[in-house]
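Please read the points below with the sequence and the model open beside you, and check each named residue as you come to it. The note begins with a pocket, then moves on to strands and rings.

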Amino acid sequence: MTELGKRLREAREEKQISLDELQEMTKIQKRYLIGIEEGNYAIMPGNFYVRAFIRQYAEAVGLDPDELFEQYKQDIPQSYQDDIPQPLSRVKTRQQLSAEGAKWLDWLPKLIAAAVVIGAAVLVWVLLQRGTASEPPARTSPETAEVESPKNSPLEQAKEKQRAKETEEKAKEENEQPAPSAPAAVLSVTAKQGNTATIEVKDVDSFALELSSRGTSWVEVYNTKGHSFYRGNLTKGQTKTFDLSAESEVWVKIGRTLDVDMKVNGQPFAYPFAPKDEVYQKLRFILKQ
């Protein structure tokens with residue numbers, strides 16, 4: 001095990017993050033995570049991926065990747081341009097064409113132009129035939145003729161203005177009505193251990209959570225009955241809301257609290273641990289009426 005791998009593993013264990021949880025947070029295969037900790041870079045797809053995986057690992061456990069790259073640069077392979085396959089040369093492919101294929105390519109624009117001219121001539125002929133064969137329109141008798149009122153008449157304009165005014169007033173009334181909000185919850189932190197906190201929620205008939213991401217973070221919301229309300233990455237600008245009023249106990253796991261804002265019943269929620277100290281936090285909410 002390299003010094004870098006030892007440092008990363010110690011940081012992961014301090015945060016109480018298992019390799020399976022880290023795999024979910026970073027989307028890096030578990031065998032590559034083990035390879036990083038053991039310094040076994042030979043199993044990686046290339047040097048470029050080694051550096052990228054180390055950076056993601058460091059950010060997930062709350063370490064500065066740039067500082068690690070500088071401190072342990074002797075343990076990290078350098079990334080070279082030849083790690084990325086170069087595109088095939090079009091010139092070489094062109095040279096491999098046979099002389100007969102190249103001759104057909106020279107004739108291709110002329111054939112396309114001829115086909116366009118022939119198609120246009122056929123279309124004009126069909127239109128002319130339809131115009132000749134069509135019957136004259138039937139005359140409308142004075143008794144059955146309908147009289148249409150001009151669309152721009154003063155009467156029509158007045159009706160249109162009245163309808164627009166009524167629609168605007170109705171929309172204004174709807175916007176002025178205050179949206180119902182859930183009562184503020186009484187929260188109290190009753191226990192802390194590692195990066196896990198127990199929070200009691202009292203004196204509320206409803207319990208709603210809102211999670212908004214300013215970056216990318218792993219989020220999981222579930223109850224003790226085995227039902228998962230959400231499990232996945234919350235991307236930048238994405239917001240998820242949950243009505244958990246019918247639950248008695250809810251767990252919320254957030255992989256990167258630095259990038260996720262939480263609200264309880266519409267009120268901002270302060271994390272039990274400072275996000276800069278505990279990036280990954282596990283929150284247990286116990287609802288008491």
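1. The largest pocket is lined by Met25, Thr26, Gln56, Glu59, Ala60, Thr216, Ser217, Trp218, Asn233, Gly255, Arg256 and Asp259. On a 1 Å grid over the protein atoms alone, a pocket is an open set of points where a 1.4 Å probe fits, with protein on both sides within 12 Å along at least five of seven lines, and lining residues have an atom within 4 Å of a point. The volume of this largest pocket is about 250 Å³, where a volume is the space filled by probe spheres set on the points, and grid points are joined across faces, edges and corners.

2. Before going further, please note that this is a predicted model, in which local features need pLDDT of at least 70 and side-chain atom pairs count only at pLDDT 80 or more, while totals for chains, interfaces and linings use all residues. Residues are numbered from 1 along each chain as its sequence is written, and side-chain values use heavy atoms, with hydrogens and water left out.

3. Which elements supply at least two residues each to the lining of the largest pocket? They are α2 (19-26), α4 (47-60) and β4, and α4 gives the most, with three residues. Helices (H or I, at least four residues) and strands (E, at least two) are DSSP runs, numbered from the N terminus. By class, the lining has three nonpolar, six polar and three charged residues; here Ala, Val, Leu, Ile, Met, Phe, Trp, Tyr, Cys and Pro count as nonpolar, Asp, Glu, Lys and Arg as charged, and the others, Gly among them, as polar.

4. Ala60, one of the lining residues, has its place in helix α4 and is buried, with a relative accessible area of 11%. Buried means under 20% relative accessible area, exposed means over 50%, and partly exposed lies in between (1.4 Å probe, protein chains only). Ala60 and Ile17 are 43 residues apart in sequence, and their C-alpha atoms are 9.5 Å apart in space.

5. Strand β4 (residues 217-223) pairs with strand β5 (residues 228-234) in the antiparallel sense over six bridges, where two strands pair if DSSP finds at least two bridges between them. Within this pairing, Trp218 stands opposite Asn233 in β5, and both residues are listed in the lining of the largest pocket. The hairpin of β4 and β5 has four residues between the strands, and Gly226 takes a positive phi near 90 degrees there.

6. Strand β2 (residues 196-202) is largely enclosed by the rest of the structure, because six of its seven residues are buried. Strand β1 (residues 186-193) runs antiparallel to β2 and is joined to it by seven bridges, whereas β2 and strand β10 (residues 281-288) pair in the parallel sense, over seven bridges. Thr198 shows both contacts, as it is the bridge partner of Ala191 and stands opposite Arg284 in β10.

7. Five bridges join β3 to strand β8 (residues 260-264), and the bridge partner of Glu210 in β8 is Lys263. Ala208 belongs to strand β3 (residues 208-213) and counts as partly exposed, at 26% relative accessibility.

8. The structure holds seven aromatic pairs, in which rings of Phe, Tyr and Trp (its six-membered ring) have centres within 6.5 Å; planes under 30 degrees apart count as stacked, over 60 as edge-to-face and the rest as tilted. The pair of Tyr230 and Phe242 is tilted, because the ring centres are 6.4 Å apart and the planes are at 50 degrees. This pair links distant parts of the chain, with Tyr230 in strand β5 and Phe242 in strand β6 (residues 239-243), 12 residues apart. Both Tyr230 and Phe242 are buried. Phe269 and Tyr271 form an edge-to-face pair, 5.9 Å centre to centre and with 85 degrees between the planes.
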